Amino acid sequence: MNFDILTLFPGMFSGPFDESIINRAKDKQLIDISLYNIRDWATDRHQTADDAPYGGGAGMVMKAGPLAACIESVKALRPASSVVLTSPQGRRLTHAVALELVKKPGLILVCGRYEGIDERIRSIYADDDISLGDFVLSGGEIAAMAIVDAVTRLIPGALGSNESAEEDSFGDGLLEYPHYTRPPEFKGLTVPEPLLSGNHELIRKWRRKESLRKTRALRPDLLSLVTLTREDRKMLTEIEQEEADGTV
Ligand code: 9D3
């Protein structure tokens, strides 16, 4: 998968992409990341990439000209790639969106800055527009990093055998069960007995039930979206009972 990232701040991407899973995916040639400084496509002496908004008001707008020229050069290299804008008005990045994006032959990620980009860029080039959520970022760079990370993890072979994408939270629509590692007692708190039992069926059941318990407590909205098995429904009844009894 090719990721072409168009940004006014290419320096922001050194570091995050040089570690761990992304770095290994690059080494294995599962992904290729190219950075383009939009400013390099500006034609004036000052390499201007922004300008004041028509109609007045605070802030600046990313100029159409340099951005269009940059997008067109990259599209010429990768005609099959989708152009994805990052902006506060995009659709929320979710696991489902990442699963959609990983099917594309490549992504051209356009990082918004200032108040946003000239709307004509969206009209002419945008195949998609992604937001990280309802909070204010300084620009689209961190959103582009999040997209690269979430999508790369879904490429077969990108994760090691110890990092299964199947078992990831949201992979099955539930939050993950609680995790523990040594020591068996820490500041007076112990590890749940089933995890120490060596009984794989007992461990599987405990994990499933705790996954349901956590989801019910923290993200009940997710529970209504997943298909629950008979065992899941039985466990949820037990959880409701335990909470009514004050057992937990
Ligand atoms: C004053 C109104 N603001 C819109 C909510 C202005 C504004 C804030 C932040 C305009 C652009 C930006 C820059 N943000 C992004 O480019 C951005 C973003 C974000 O702010 N939040 C969540 N996801 C994203 S993706 C790109």
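Contact here means that heavy atoms lie within 4.5 Å of each other. Helices (H or I, at least four residues) and strands (E, at least two) are DSSP runs, numbered from the N terminus. The structure is a predicted model, in which local features need pLDDT of at least 70 and side-chain atom pairs count only at pLDDT 80 or more, while totals for chains, interfaces and linings use all residues. Residues are numbered from 1 along each chain as its sequence is written, and side-chain values use heavy atoms, with hydrogens and water left out.

The protein chain is assigned domain 1 (2–152) and domain 2 (185–245); such bounds come from an automatic or database domain assignment. The C-alpha centres of domain 1 and domain 2 are 40 Å apart.

Helix H2 covers residues 64–77. Its 14 residues reach 20 Å from the first C-alpha to the last, close to the 20 Å expected at 1.5 Å a residue. The expected span of a helix is 1.5 Å times one less than its number of residues. A residue is called buried under 20% relative accessible area, exposed over 50%, and partly exposed in between (1.4 Å probe, protein chains only). In H2, the buried residues are Pro66, Leu67, Ala68, Cys70, Ile71 and Val74. The cover over these buried residues includes strand S1 (2–7), S2, strand S4 (61–62), strand S5 (82–92), strand S6 (106–111) and helix H4 (119–125).

Strand S2 (residues 32–37) contains Asn37. The C-alpha atoms of Asn37 and Phe9 are separated by 6.9 Å, although the two residues are 28 residues apart along the chain. With neighbours within four places in sequence left aside, Asn37 is in contact with Thr7, Leu8 and Pro10.

Helix H7 (residues 200–218) has 19 residues, which should span 27 Å at 1.5 Å a residue; the end C-alpha atoms of H7 are 27 Å apart, which agrees. Buried positions in H7 are Ile203, Trp206, Lys209, Glu210, Ser211, Leu212, Arg213 and Thr215. These buried residues pack against helix H6 (193–196), helix H8 (220–223) and helix H9 (230–245). At the start of H7, a side-chain oxygen of Asn199 comes to within 3.2 Å of the backbone nitrogen of Glu201. This is a polar contact, that is, a pair of N or O atoms within 3.5 Å; within protein, one must be able to donate a hydrogen and the other to accept it, and residues adjacent in sequence count only if both atoms are side-chain atoms.

Ser211 lies in helix H7 and counts as buried because its relative accessibility is 5%. The side chain of Ser211 reaches the backbone oxygen of Leu175 at 2.6 Å. When residues up to four places away in sequence are not counted, Ser211 touches Leu174, Leu175, Glu176 and Tyr177.

The loop between helix H5 (141–152) and strand S8 (185–186) holds Gly171. Gly171 is partly exposed because its relative accessible area is 38%. From C-alpha to C-alpha, Gly171 and Ala96 are 9.2 Å apart in space, and they are 75 residues apart in sequence. Pro183 also has its place in the loop between H5 and S8, and a cis peptide bond with omega of about 5° joins Arg182 and Pro183.

Most residues other than glycine have a negative phi, and most peptide bonds are trans. Gln29, which is not a glycine, has a positive phi of about 60°. Gln29 is found in the loop between helix H1 (20–27) and S2, and it counts as exposed because its relative accessibility is 72%. Lys187, likewise not a glycine, has a positive phi of about 50°. The place of Lys187 is in the loop between S8 and strand S9 (189–190), and Lys187 counts as exposed because its relative accessibility is 76%.

The ligand has 17 residues around it, of which Tyr114, Leu132, Gly133, Phe135 and Leu137 come nearest. A residue is near a molecule if one of its heavy atoms lies within 4 Å of it. A nitrogen atom of the ligand is 3.4 Å from an N or O atom in the side chain of Ser131. An oxygen atom of the ligand lies 2.8 Å from a polar backbone atom of Leu137, and an oxygen atom of the ligand lies 3.4 Å from a polar backbone atom of Gly140. Taken alone the ligand exposes 570 Å², and the protein buries 72% of that. Accessible areas come from the Shrake-Rupley method with a 1.4 Å probe; for residues, only the protein chains shown count as cover.
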